[in-house]
Amino acid sequence: MTAYAEPVHMQTQTGAFLAVLRRDLYVTGKELPVFLAQVILQPFFLLFVFGKVLGSLGYTQHGYSDLLFPGLLSLTAVITGMQTLAFPLVLEFGWTKEIEDRLLAPMRTGLVAAEKMVFASLRALIAATLMIPIGILVLGSIPWRWSGVPLLIVMMILASVLGAGLGLVLGTLVTPNRINVVFSLVFTPLLFTGCSQYPWPSLDRLPWFQVVTACNPMTYASEGMRAALVPDVPHIRPWISLTVLAGSIVVLSVVGVRGFYRRAID
Amino acid sequence: MSDSAVTVRELVKRYPKAPVNAVDGISFAVAPGEVFGLLGPNGAGKTTTVGVLTTRVRPTAGVAEVDGLDVLRNPVAARRRLAVVPQRSNLDRSISIRRNLLFHAAYHGVPAAERDRRATELLEQFGLLERADSKPDFISGGQSQRIMIARALMHEPAVLFLDEPSTGLDPAARLFVWDRLRELKERGVTLVLTTHDMHEAAALTERVAIIDHGKLLAIDTPQALIRSLPGKATLELATQIPPDRSPEDVLAAARTLTGVDAVEPVQAQPGGDGNGAGEARVRLYVSGDAALLVGPAATRLAQDGMTITDVALGSPSLEDVFIHLTGRALR
């Protein structure tokens with residue numbers, strides 16, 4: 001036997017990776033209405049109340065919905081990516097153990113984590129894309145600039161992956177019995193310090209809050225989306241946003257995959 | 001490198017911050033097609049040992065191989081050769097029972113047509129066809145055990161690891177699982193099961209490793225382990241004695257038999273046949289096989305005009321072996 005160095009072809013690992021991804025897509029397909037409700041309701045209501053209702057009642061300035069909309073694209077992508085990954089992962093590791101069958105599939109453990117990120121990013125991207133027609137429906141029109149679309153697409157992808165990365169870190173850190181506490185401690189602040197409801201440069205009137213929001217990587221996704229869709233609104237320069245997002249994704253992925261290994265292998 | 005299905009050499013595992021090794025220098029080998037049991041109380045190190053072999057626990061030292069593959073150096077390849085049936089259900093609750101099987105096979109690269117064929121075959125064999133298209137919610141422990149074994153077989157592993165395969169199952173479910181495991185053995189699948197149930201070990205395994213505190217205390221066939229116990233088998237004889245003989249004579253005669261370690265009278269059953277002829281019951285403590293002593297005992301007693309009317313063999317169990325080795329009961 002030449003057992004020690006038997007090569008496991010990349011093909012086997014890719015096959016396992018794709019099969020696991022197919023399983024996740026299959027489940028999403030079966031639970032499509034639930035998925036849609038889960039990802040769309042929150043941004044829909046934010047858009048409806050802040051963009052439509054408050055505007056119609058005259059409590060927000062004209063044009064507020066234009067700067068809110070790009071922020072909500074970023075919020076939807078980040079939150080969906082995070083929720084898709086973190087909640088199930090906490091339960092799978094801590095309670096249902098469903099993940100074990102995938103951990104025993106013939107692929108590197110890191111690839112199981114990578115699949116989680118790819119799947120969560122895909123869902124986040126779909127959810128963010130769905131916000132475009134919803135925005136048109138709720139607001140009547142959305143700020144749109146064809147020349148900004150390439151940057152918008154890049155930002156939507158980065159925001160989705162960022163959300164998945166946050167989810168992976170959170171999902172591997174939290175034990176099921178602390179899931180409620182941690183999610184309210186992490187989720188809500190993240191949601192409201194990510195500059196989705198206000199542009200970052202305008203915060204110079206609240207310097208301490210400007211510092212806080214600068215620490216939330218979601219801020220750069222929101223700002224990047226504004227750069228793409230409403231460049232007239234003061235925003236962080238796109239190259240800064242791109243760099244910070246890319247860096248955050250790298251850091252979160254490394255930390256998340258490490259955490260994943262720690263949970264997967266004793 | 002070896003021809004064994006499973007090889008463990010000098011395996012050590014110490015968990016971070018643990019004061020002692022969970023596995024403390026265990027070595028054994030399992031032959032292809034063998035049914036091998038790891039017997040020990042909870043916390044003995046069985047599950048950790050299996051965890052290393054199934055690529056889920058990183059050992060502190062030592063070697064672990066499955067089907068000739070070093071699981072540490074080559075975990076991905078090893079996963080194609082092994083399958084695990086855990087004690088508690090880890091079935092995918094979002095998809096049907098059939099899809100649990102199909103996706104498992106897909107993870108392992110089984111072609112689609114082959115997946116369908118195997119799934120149908122295994123669902124039938126495990127009595128799951130009727131429920132195949134419902135999700136594995138609200139199912140009994142026995143059923144989830146069956147589904148997990150069927151799922152494990154979808155990629156035709158060389159070695160199947162089962163953790164406490166029948167703990168918590170009702171007797172019928174337990175027998176069903178045992179029957180299926182025996183069928184697997186006939187097909188040449190190597191089975192490694194951990195258990196703290198000596199009945200299960202005795203009923204299923206060809207060889208047993210007894211583990212406690214992370215150390216391997218004994219390894220042999222259950223019969224050999226039991227036989228190795230000094231004076232633990234018993235032979236109980238009911239003897240008809242003529243009026244000129246007393247129960248003491250029976251004891252004296254029994255003592256002269258070779259292989260008998262000790263003899264003691266057993267309380268006579270009340271309400272004997274009452275014909276005046278006495279009856280005596282004696283218990284012989286025997287090293288080795290008690291059944292082999294029945295003939296010599298009958299011959300020896302007949303010399304004194306006594307007849308054996310009833311025989312009862314008491315054989316020690318793996319539980320006794322365990323108590324003998326560790327000084328305490330399994331549970």
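## Basis of the description

Domain bounds come from an automatic or database domain assignment, and for chain B that assignment gives domain 1 (6–226) and domain 2 (233–315). The C-alpha centres of domain 1 of chain B and domain 2 of chain B lie 46 Å apart.

This is a predicted model, in which local features need pLDDT of at least 70 and side-chain atom pairs count only at pLDDT 80 or more, while totals for chains, interfaces and linings use all residues. Residues are numbered from 1 along each chain as its sequence is written, and chains are lettered from A and ligands numbered from 1 in the order in which they are written.

## A helix pair in chain A

Helices (DSSP runs of H or I, at least four residues) and strands (runs of E, at least two) are numbered from the N terminus. In chain A, helix α3 (residues 64–96) packs with helix α5 (residues 109–139) at an angle of about 150°, their axes being 8 Å apart; axes are lines fitted to C-alpha atoms, for helices over the stretch in contact, and angles run from 0 to 180 degrees between N-to-C directions. The two helices, α3(A) and α5(A), are therefore roughly antiparallel to each other, a term that applies to angles over 145 degrees.

Residues are in contact if their C-beta atoms, placed from the backbone, lie within 7 Å. Among the residues that make this helix contact are A:F69 and A:L72 of α3(A), and A:M117 and A:A120 of α5(A).

## Strands in chain B

Two strands pair if DSSP finds at least two bridges between them. Strand β1 (residues 6–13) of chain B pairs with strand β4 (residues 61–66) of chain B in the antiparallel sense over five bridges, and B:V63 in β4(B) is the bridge partner of B:R9. Strands β4(B) and β5(B) form a hairpin with two residues between them, and B:D67 in the turn has a positive phi of about 50°.

Chain B also has an open sheet of six strands in the order β6-β7-β8-β3-β9-β10, with mixed pairing; its edge strands are β6 (82–85) and β10 (215–220) of chain B. Within chain B, strand β3 (residues 35–39) and strand β9 (residues 207–212) run parallel and are joined by four bridges, with B:R207 of β9(B) as the bridge partner of B:F36.

## Where the chains meet

Between the chains, 30 residues of chain B are in contact with 28 residues of chain A. The elements of chain B that give two or more residues to this side are β5, α2 (75–81) and α3 (97–107).

Technical notes. Parallel < 35°, antiparallel > 145°, perpendicular 65-115°, else oblique. Contact = placed C-beta atoms within 7 Å.
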